[in-house]
Amino acid sequence: MRGGALALAAALSVGLGAVACSPSGGAPRGPAVATPSSGRLVFLAETCPTCHGHGREGTNTGPALDGLRGHWDEDTLVRFLHNPAAFKLADPRLAALAQRFRSDMPPLFSTDEGRVRALARYLLQE
Ligand code: HEC
């Protein structure tokens, strides 16, 4: 949790430094937070690998997280991460998936919108 936040802060300050030093100024690029690579840091910091594996390959407590683009768009996935139990009730595919595992998918620890978006973008990458 801490490590991830620090790494994100470091990545952000490097990004800001680069903008400040740019002689021409250039177009503002926006914060470097909600990218798939920062999302990977959130994935690790949120203990998702405990159940889904470090490479999202799945474990005996959670399914592999691949091909998610076939099932989710970014906004819906963000909502799922905040409240997986509600989606499990509404979506027969998730209910069937959940039956294969002993523990439920817990809601996300972080409520920081930028972090959650970055995580969703990372998950939607193939
Ligand atoms: C305690 C084990 C556990 C942890 C920790 C966990 N999950 Fe899950 N996850 C599951 C299980 C079990 C399912 C199957 C569906 C269900 O139970 O809701 C699931 C389902 C999912 C799905 C839907 C997969 C699909 O096929 O659509 C996503 C996406 C997901 N998890 C992401 C995450 C992320 C991101 C984290 C970290 C924030 C995380 N999970 C943490 C157990 C876990």
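Let me begin with helix α2, where Ser38, Gly39, Leu41, Val42, Phe43 and Ala45 are buried. Please keep in mind that this is a predicted model. Helix α2 covers residues 36-45, and just after α2, threonine 47 adopts a positive phi of about 60°.

Two packed helices are described by the angle between their axes and the distance between the axes. For α2 and α7, the axes cross at roughly 105° and come within 7 Å. An angle of 65 to 115 degrees counts as roughly perpendicular, and α2 and α7 are therefore roughly perpendicular to each other. On the α2 side, the contact is formed by Pro36, Ser38, Gly39, Arg40, Val42 and Phe43; on the α7 side, Arg115, Ala118, Leu119, Arg121 and Tyr122 take part. Sorted by class, the contact of α2 with α7 holds 6 nonpolar, 2 polar and 3 charged residues.

Helix α7 also packs against α4, which comprises residues 74-82. Here the angle is about 115°, and the axes are 9 Å apart. The crossing of α4 past α7 is right-handed. From α4, the residues involved are Glu74, Leu77, Val78 and Leu81. They meet Val116, Arg117, Leu119, Ala120, Arg121, Leu123 and Leu124 of α7. In terms of class, the contact of α4 with α7 consists of 8 nonpolar and 3 charged residues, with no polar ones.

I turn now to the ligand. Which residues are closest to the ligand? They are Cys48, Cys51, Gly62, Ala98 and Met105, within a surrounding set of 27 residues. The elements that contribute two or more residues to this shell are α3 (49-52), α5 (84-90), α6 (92-98) and α7 (113-124). The shell residues divide by class into 17 nonpolar, 7 polar and 3 charged.

Finally, the protein chain as a whole. How many helices and strands does the protein chain have? There are 7 helices and 0 strands, and the order from the N terminus is α-α-α-α-α-α-α. Of the 126 residues in the protein chain, 20% are buried. Among contacts in the protein chain with a separation of 6 or more, 67% are between residues 24 or more positions apart.

Notes: Residues are numbered from 1 along each chain as its sequence is written. This is a predicted model: local features need pLDDT of at least 70, side-chain atom pairs count only at pLDDT 80 or more; totals for chains, interfaces and linings use all residues. A residue is near a molecule or strand if its C-beta atom, placed from the backbone, lies within 6 Å of it. Helices (H or I, at least four residues) and strands (E, at least two) are DSSP runs, numbered from the N terminus. Ala, Val, Leu, Ile, Met, Phe, Trp, Tyr, Cys and Pro count as nonpolar, Asp, Glu, Lys and Arg as charged, and the others, Gly among them, as polar. Axes are lines fitted to C-alpha atoms, for helices over the stretch in contact, and angles run from 0 to 180 degrees between N-to-C directions. A crossing is left-handed if the near helix is turned anticlockwise from the far one by less than a right angle, and right-handed if clockwise. Two residues are in contact if their C-beta atoms, placed from the backbone, lie within 7 Å. Angles under 35 degrees count as roughly parallel, over 145 as roughly antiparallel, 65 to 115 as roughly perpendicular and the rest as oblique. A residue is buried if 20 or more other C-beta atoms lie within 10 Å of its own, exposed if 12 or fewer, and partly exposed in between; C-beta atoms are placed from the backbone.
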